[in-house]
Amino acid sequence: MQNAETNTEDISYLRMRDIKKMIPVSSSTIFNWARQGKLTPIKITEGCTVYDRKEVEELLSVKPEGID
């Protein structure tokens with residue numbers, strides 16, 4: 001069985017590990033974003049939660065205040 005790399009550009013939902021490949025953040029940060037309502041977790045099974053790709057990309061494109 002081959003180990004295939006996930007091409008995150010071809011899917012509309014991201015697992016936490018996919019988000020962490022996009023940006024260097026901890027799992028706790030992603031959980032906090034979900035708790036704060038910045039991301040909507042979608043529970044697939046007991047051990048599998050995904051996040052909408054567009055929502056993640058929109059969150060990442062927001063610049064902190066004071067930065068141009």
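A surface patch is made of residues with over 30% relative accessible area and no salt bridge, and nonpolar side chains are joined within 5 Å. In this predicted model, Tyr-13, Ile-42 and Ile-44 make a nonpolar surface patch of about 270 Å². The structure also holds one salt bridge, and its largest nonpolar core has eleven residues.

**Surface patch**
- Tyr-13, one of the residues of the nonpolar patch, is placed in strand E1, which covers residues 13–15.
- The relative accessibility of Tyr-13 is 41%, so this residue counts as partly exposed.

**Salt bridge**
- The salt bridge is formed by Arg-53 and Glu-57, whose closest N and O atoms are 2.6 Å apart.
- Both Arg-53 and Glu-57 belong to helix H3 (residues 53–61), where they are four residues apart, or about one turn of the helix.
- Arg-53 has a relative accessible area of 10% and is therefore buried.
- Glu-57 is partly exposed because its relative accessible area is 36%.

**Nonpolar core**
- The largest nonpolar core is made up of Leu-14, Met-16, Ile-19, Ile-23, Ile-30, Trp-33, Ala-34, Leu-39, Tyr-51, Val-56 and Leu-59.
- At least two residues of this core come from each of helix H1 (16–22), helix H2 (27–35) and H3.
- H2 supplies the largest share of the core, with three residues.
- In soluble globular proteins, nonpolar side chains tend to be buried together.
- Apart from neighbours within four places in sequence, Leu-59 contacts Trp-33, Lys-38 and Leu-39.

Technical notes: Residues numbered from 1 in each chain as written. Predicted model: local features only at pLDDT ≥ 70, side-chain atom pairs only at ≥ 80, totals over all residues. Heavy atoms only, no water. Patch = residues over 30% accessible without salt bridge, like charges linked within 9 Å, V, L, I, M, F, W, Y side chains within 5 Å. Areas by Shrake-Rupley, 256 points an atom, 1.4 Å probe, with all protein chains shown as cover. Salt bridge = Lys/Arg side-chain N within 4 Å of Asp/Glu carboxyl O. Buried < 20%, exposed > 50% of the residue type's maximum accessible area, 1.4 Å probe, protein only. Core = buried A, V, L, I, M, F, W, Y, C linked by side-chain atoms within 4.5 Å. Contact = heavy atoms within 4.5 Å.
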